[in-house]
Amino acid sequence: MKTITVQFLGAAGTVTGSKFYLETPDGNFLIDCGMFQGLKELREENWKPFPVDASKINFVFLTHGHLDHTGYLPRLFKEGFRGKIIGTPPTLAITEIILLDSAKIHEEEAERANKEGYSKHQPAKPFYTIKEAEATLRLFKNAEKDIWITLTEHIQYRFRYNGHIIGATFIELDVYGKRFVFSGDIGRTEDALLFPPEKPEWVDYLFLESTYGNRLHPEEDVESLLVQLIQKTIEERGTLIIPSFAVERLQTLMYLLWSLYQKNKIPNIPIFIDSPMGSNVLSVFERFPEWHKLTPEQFHAMSNRMNVVASYKETWETIDDPRPKVVIAGSGMVTGGRVLTYLKQLIDQSTTNILLVGYQAEGTRGRQLLEGAHELKFFGKYYPVKASVHHVESLSAHADQNGLLDWVSDIKNNPEEVFLIHGEPTAQDSLRIKLKDTFNWRASLPKLYDIHNIWV
């Protein structure tokens, strides 16, 4: 009998910081390596020493490239990790973009904090540097989807298409005859850009995301809402600001706005894309056409319709542009990025409309706006919120409760254990009850740093 130890190093009782550590007789693995975001007490976890010896981790498997699944990698390198980081080609391409962008932001924020003196730390230091991020990239190793790859005599793995964002997969890991399935973030069956997720058929130990475990996506007419907001923006001669995740959401918004223009539903209003990372992600769509629905002709027509902001100087020129306009800028939860510059200048104007288009985690500025905050803090100062705030839930890249139940519906056996991860406690508990009622599965809700032993 062999022992496999599982430790929940992130995304346990929360939606961020996805990290799951497996210690086996044949090697040690990390599934995802994400940063904590949102609440201060979660963000502080990023700065604590890593709970296990990073130098003893042989492989990191990435389900997809989002920051909350990859953003800790350069820190892991700093802690001594020198193994391989394995993901699909588009996932590693996205991860490279995100890590270099994240490192640049860390360096800039530390520099600004030291210059303006608003950090409690003297001096403020970046979480990791561009140099550390670049060193991490040298550990990348591509793995194609749908192919079983043998690591040792007793361990093999396979990546399978999962929607959500370009390159995203769930991971099947066979260890001593037992199948561990890590769902990653599960996409939606109806998606403007991506194909429906594939589904697992056999699972012994299931690690299932539960972001929307207690919710159904509303039946929203997103096109009509966009048309109304653009008309409102034109009438008020204002700005429609859409904070957006650079990966997938930005490209989906570009596609929807381009489609509306093609159908003559909106006029030729200037649309600015101010997300250096998002612009880089567009090149990933171009490089990997087999991972999404867009034809090359659609992709180029859509891209040519937008004004891509190339520099910080152009950001200010866009802000000063007196025309009614649409600005799509990172980041999606208003935690950082170029969108802060726009909001800092325009959030106190009644002619500004803000459209939130995705999940807003606890503790983020996006969640504060969603909950009606009368002021928002940027760079150490408070700014009154006079802008109108709107929200679209149905553009979420995550499956809702029905989608999650559908994703597990093809599993032919009863899993020995189901762990609900990547969700807030109320969402997890609701999904736990649904799994019991629907499949008679008992699911557990691991807490951060819980250790679980499995005998195989």
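This is a predicted model: local features need pLDDT of at least 70, side-chain atom pairs count only at pLDDT 80 or more; totals for chains, interfaces and linings use all residues.
**Entry 1**

I looked up the volume of the second largest pocket and found about 640 Å³. Its lining is made up of 32 residues, and those closest to the centre are Arg188, Glu190, Asp191, His217 and Ser394. I then sorted the lining by class and got 12 charged, 11 nonpolar and nine polar residues.

Next I checked which helices take part. Helix H6 (222-236), helix H7 (249-262) and helix H13 (401-407) each supply at least two lining residues. H13 gives the most, with four.

**Entry 2: strand E9**

I went through strand E9 (residues 169-175) for burial. Seven of its seven residues are buried, so the strand is largely enclosed by the rest of the structure. In a regular strand, side chains alternate between the two faces of the sheet. In E9, I noted Thr169, Ile171, Leu173 and Val175 pointing one way, with Phe170, Glu172 and Asp174 pointing the other way. Both sets are buried, Glu172 and Asp174 included.

**Entry 3: neighbours of E9**

I listed the strand pairing. Strand E8 (residues 155-161) runs antiparallel to E9 and is joined to it by seven bridges; Phe159 has Ile171 of E9 as its bridge partner. Strand E10 (residues 178-182) is also antiparallel to E9, with five bridges, and Lys178 of E10 stands opposite Val175.

Finally, I looked at the turn. E9 and E10 form a hairpin with two residues between them, and Tyr176 in that turn has a positive phi of about 50°.

Technical notes
Residues are numbered from 1 along each chain as its sequence is written. Side-chain values use heavy atoms; hydrogens and water are left out. On a 1 Å grid over the protein atoms alone, a cavity is a set of points where a 1.4 Å probe fits but cannot get out, and a pocket is an open set with protein on both sides within 12 Å along at least five of seven lines; lining residues have an atom within 4 Å of a point. Grid points are joined across faces, edges and corners, and a volume is the space filled by probe spheres set on the points. Ala, Val, Leu, Ile, Met, Phe, Trp, Tyr, Cys and Pro count as nonpolar, Asp, Glu, Lys and Arg as charged, and the others, Gly among them, as polar. Buried means under 20% relative accessible area, exposed over 50%, partly exposed in between (1.4 Å probe, protein chains only). Two strands pair if DSSP finds at least two bridges between them.
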